[in-house]
Amino acid sequence: MKPIFRTFGVLLCAAQLLIVSAAEPLSPAEQAMLQSIHARTLQGHVSFLAADSMEGRDTPSRGLDIAADYIASQFRRYGLQPAAGDTYFQNAAFVKAKQPMDQFSFLLTAGDGQFRADAAHTAVSAEGAFSLSEATPVKIALSAESSALPAAAEVAGKAVVLLPGELRGRALYEKRAAVQALKPAVLVVAGQAFMMREQLREAGSGTPRPPVVTISDQAFAALAAKIDGSSKLTISIQAPVEEPVALKNVAAILPGSDPTLSKTFLILSAHYDHTGVNPRAEGDKINNGANDDASGVATVLAIAEALSSSPQKPKRSILFITYFGEEKGLLGSRYYAAHPLVPLAQTAGNLNFEHMGRTDDNEGSRTGKLTATGFDYTTLGQDLTEAAKLTGIETWKHERNSDGFFGSSDNQSLANAGVPAITLSVSYIFPDYHRPGDHWDKIDYANMERVVRTSALAAARVANAAQEPHWVESNPRTAGYHKSWQQLHGVH
Ligand SMILES: [Zn+2]
């Protein structure tokens, strides 16, 4: 089986290249479909979703729920099938957890030193009460030279202290998650303690993860560096106070027109949440999130309307989905990947949309241009470039951000599951990003009409192609995703 599959893969790649070099011109049906997408429709969606009355669509909030109702009402108007049984709402039971710190205690002894953590410099993430008395901690010290983790057997059930060295931000987050996956009893991190007053997580999501204690105090890091076999750690953590929260993704299906290909799906997605109201911000304090990501939602809606009203329906089925909680850590898309509405193994690809409206990128004008994260990770980048040529748009790969931002949006959740998934956008960072100034009237709707038409054409062509999108194996960054794809499809 294996060698045949490999040969097959190579042949398919060659075939794909041929298709790319001889682009099918726009058919009259495609032309009509694209022309049904209008700047004013996009403006209507964005101006509603980003209105002040939506209060920045925080997860959870009343504004978010109103946005969900709006999106569902549009799906209903296009005559799309509800994707979650008889409803467009994929309901997700979450809890909002607050960590009380009044009984928190933490004492490390190492060498002849002692460190007692105080609540002000400590962040705790726990799913239940936890205590440990005079345990011998296991130290993991990372450095520029060595970021390897010990074997699971050395870590499982132990009190682990992680010294992350130079790791910061996402790299630290990922390393921390990797240590957590080794199932320590508790994980203590010497690092920046983000004071998350509340955490959102899925209710009753199986085995609780080990508690994580993050301490931002140089004295702790210095003492932790001295941890050896005679060191002792005592910790007491209270159970979080939990309150149920009802969240929902909003999803609809356009059934495919081909008897075989219709069993596979293309996902078109965007996140409908934003960051809510920031009491410390200037002006009206409402982070409207017009470009981020009402513009993406408007893109999904406009393509849904165009494809569903076209007399020539795509051959593959299309799942249109807008997610909650992207800004809180890809919550909605992670929930979706864990509870897919259509089988992941039958999900051919995912085009996710972010920042589709503004052309005034911090680095300069992006008029007439469209980019994507993971631009050359999957064949979807080629499909996009092909559609752009036919619609007079220039596609391009951003030197840093196309790779760097791959994990920064909801495509990541599907990619982790193996599905070829990228995020399309006009700009990366723009003035007013995550600020009250991200208003609907700053969007270039004439340009948006052009790039949404390009996106609609790319989507339609992917949905009609006999060959499914795939990960570009020659790109080393896709190795993990391709492996997941193989697992998903039962090939090795
Ligand atoms: Zn966004």
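**Figure legends: close-up views of a predicted model**

**Figure 1. Overall view of the protein.** Of the 492 residues of the protein, 46% count as buried, a residue being buried if 20 or more other C-beta atoms lie within 10 Å of its own, exposed if 12 or fewer, and partly exposed in between, with C-beta atoms placed from the backbone. The structure is a predicted model, in which local features need pLDDT of at least 70, side-chain atom pairs count only at pLDDT 80 or more, and totals for chains, interfaces and linings use all residues. Residues are numbered from 1 along each chain as its sequence is written. The protein contains 14 helices and 21 strands; helices (H or I, at least four residues) and strands (E, at least two) are DSSP runs, numbered from the N terminus. The C-alpha trace spans about 80 × 60 × 45 Å along its principal axes. For 492 residues, a compact globule would have a radius of gyration near 23 Å, and the 24 Å of the protein agrees with this; the radius is taken over C-alpha atoms, and the globule rule is 2.2 Å times the number of residues to the power 0.38. Among contacts with a separation of 6 or more, 84% are between residues 24 or more positions apart, two residues being in contact if their C-beta atoms, placed from the backbone, lie within 7 Å.

**Figure 2. Confidence of the model and residues 1-20.** The average pLDDT of the protein is 93, and 94% of the residues score at least 70; pLDDT is the predictor's confidence in each residue, from 0 to 100. Over residues 1-20 the pLDDT is below 50, and this stretch has 8 contacts in the model beyond near neighbours in sequence. Where pLDDT is low, the predicted coordinates should not be read in detail.

**Figure 3. The open sheet of 5 strands.** The strand order is β5-β11-β9-β8-β7, and the pairing is mixed; two strands pair if DSSP finds at least two bridges between them. Strands β5 (122-125) and β7 (138-141) stand at the edges with a single partner strand each, so one side of each is left without a neighbour in the sheet. From one strand to the next, the twist averages 20°, where axes are lines fitted to C-alpha atoms, for helices over the stretch in contact, and angles run from 0 to 180 degrees between N-to-C directions. Within the sheet, β8 (residues 159-163) and β9 (residues 186-190) pair in the parallel sense over 4 bridges, and Ala-159 has Val-186 of β9 as its bridge partner.

Figure 4. Strand β5 pairs with β11 (residues 212-215) in the antiparallel sense, over 4 bridges. Ala-123 has Thr-214 of β11 as its bridge partner. In a regular strand the side chains alternate between the two faces of the sheet. Both faces of β5 are covered: Thr-122 and Val-124 are buried on one side, and Ala-123 and Ser-125 are buried on the other.

**Figure 5. The open sheet of 4 strands.** The order here is β4-β3-β12-β6, with antiparallel pairing. Strands β4 (113-116) and β6 (130-135) form the edges, each pairing on one side only. Neighbouring strands of this sheet are turned by 10° against each other on average, direction ignored. Strand β3 (residues 105-110) is joined to β4 by 4 bridges, and the two run antiparallel. In β4, Gly-113 is the bridge partner of Ala-110.

**Figure 6. Helix α13.** At 1.5 Å a residue, the 20 residues of α13 (residues 445-464) should span 28 Å, and the end C-alpha atoms are 28 Å apart, which agrees; the expected span is 1.5 Å times one less than the number of residues. Of these 20 residues, 17 are buried, so α13 is largely enclosed by the rest of the structure.

Figure 7. Most residues other than glycine have a negative phi, and most peptide bonds are trans. The peptide bond from Thr-59 to Pro-60 is cis, with omega near -5°, and Pro-60 lies in the loop between α3 (39-49) and α4 (62-77). Asp-292 and Asp-293 are also joined by a cis peptide bond, with omega about 0°; Asp-293 is in helix α8 (residues 290-309). Glu-134, in strand β6, has a positive phi near 50° and is exposed, with 10 other C-beta atoms within 10 Å. His-434 has a positive phi of about 55° and is found in the loop between β21 (421-425) and α13. With 15 C-beta neighbours inside 10 Å, His-434 counts as partly exposed.
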